[in-house]
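Reader: I have a model open and want to go through it piece by piece. Can you take my questions as they come?

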Amino acid sequence: MRVLAVDPGLTRCGVGVVQGALGGRLQIVTVGVIRTGADTPLHERLHELQVELEAVFERTRPDAVAVERMFARNDVSTIMGTAQASAVPMLAAASRGLPLGLHTPSEVKAAVTGNGRADKAQVTAMVTRILGLESAPKPADAADALALAICHHWRGAGAARRANTDGERPLAPAAAQYRAAEAAAARRSRSAAKQYREPLRSSATRDATTRGARP
């Protein structure tokens with residue numbers, strides 16, 4: 001499977017493509033950063049990003065697309081620009097009928113390092129090691145895109161990858177570590193959900209129940 005991952009941004013948009021067979025070693029296909037000028041009108045910047053990304057899609061022919069999921073920030077202008085940029089690869093995936101995965105920064109860090117709070121240096125070091133690169137990918141946006149692609153591979157882009165039966169090759173250590181953490185989180189979530197099993201009732205139903213209970 002070949003995954004095209006995008007670390008969205010208007011000024012710097014990281015793009016990384018990684019491929020690998022089920023349970024096999026991952027290999028880098030391409031990586032880079034798309035830049036747009038801060039003084040360029042917003043609609044032109046988005047168009048530049050679209051043109052550059054379309055070229056990467058056509059050149060690499062991915063099987064799936066991964067984009068970093070947005071999370072809250074105090075800087076509204078930054079999050080708005082990132083949100084607008086993230087729509088470009090999503091639309092490109094939709095126009096090609098490709099599956100899309102959204103992963104938070106914590107999920108990506110956990111996937112490649114086993115620690116959801118790892119710093120950028122740790123993530124970059126693991127990306128370099130996992131992909132067998134001679135040197136660390138730069139700038140950080142490029143490394144983040146590759147980490148996102150690795151996360152999409154290891155987090156289970158397909159049901160077959162999740163299965164990992166005895167007949168399959170074992171997952172890499174970091175991937176196996178992430179699987180265990182993900183399973184533990186799911187168990188905790190199911191346990192907490194038991195407290196909220198009573199279905200919600202509409203206000204009309206509550207009123208009828210209340211009236212029926214009165215003498």
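Reader: Is Asp141 buried or exposed?
Author: Asp141 counts as buried, because its relative accessibility is 13%. Buried means under 20% relative accessible area, exposed means over 50%, and partly exposed is in between, with a 1.4 Å probe and protein chains only. This is a predicted model, in which local features need pLDDT of at least 70 and side-chain atom pairs count only at pLDDT 80 or more, while totals for chains, interfaces and linings use all residues. Residues are numbered from 1 along each chain as its sequence is written, and side-chain values use heavy atoms, with hydrogens and water left out.

Reader: Where is the place of Asp141?
Author: Asp141 is in helix 5. Helices (H or I, at least four residues) and strands (E, at least two) are DSSP runs, numbered from the N terminus.

Reader: Which side chain does Asp141 have a polar contact with?
Author: The side chain of Arg12, at 2.9 Å. A polar contact is a pair of N or O atoms within 3.5 Å; within protein, one must be able to donate a hydrogen and the other to accept it, and residues adjacent in sequence count only if both atoms are side-chain atoms.

Reader: And what else does Asp141 touch?
Author: Not counting residues up to four places away in sequence, Asp141 touches Asp7, Gly14 and Val33 as well as Arg12. Contact means heavy atoms within 4.5 Å.

Reader: How many bridges join strand 2 to strand 3?
Author: Eight, and the two strands run antiparallel. Cys13 stands opposite Ile34 in strand 3.

Reader: What about strand 1 and strand 4?
Author: Strand 1 pairs with strand 4 (residues 64–68) in the parallel sense, over four bridges. There, the bridge partner of Val6 is Val67.

Reader: Different topic. How many residues does the largest nonpolar core have?
Author: The largest nonpolar core has 21 residues, and Val127, Leu131 and Ile150 have the most contacts inside it. Helix 5 gives the most to this core, with seven residues. Such a core is a set of buried Ala, Val, Leu, Ile, Met, Phe, Trp, Tyr and Cys residues joined through side-chain atoms within 4.5 Å. Apart from it lies another core of 18 residues, including Val6, Val15, Val67 and Ala92.

Reader: What is Val127 in contact with?
Author: Leaving aside neighbours within four places in sequence, Val127 contacts Pro137, Ala143, Leu146, Ala147 and Ile150.

Reader: And Thr124, what does that touch?
Author: Thr124 touches Ala136, Pro137 and Ala143, again not counting residues up to four places away in sequence. Thr124 is found in helix 4 and is buried, with a relative accessible area of 17%.

Reader: Backbone next. Which peptide bond is cis?
Author: The one from Lys138 to Pro139, with omega near -5°. Pro139 is in the loop between helix 4 and helix 5.

Reader: What is the phi of Arg61?
Author: Arg61 has a positive phi of about 50°, although it is not a glycine. Arg61 is in the loop between helix 1 and strand 4 and is exposed, with a relative accessible area of 58%.

Terms used. Pairing = 2+ DSSP bridges.
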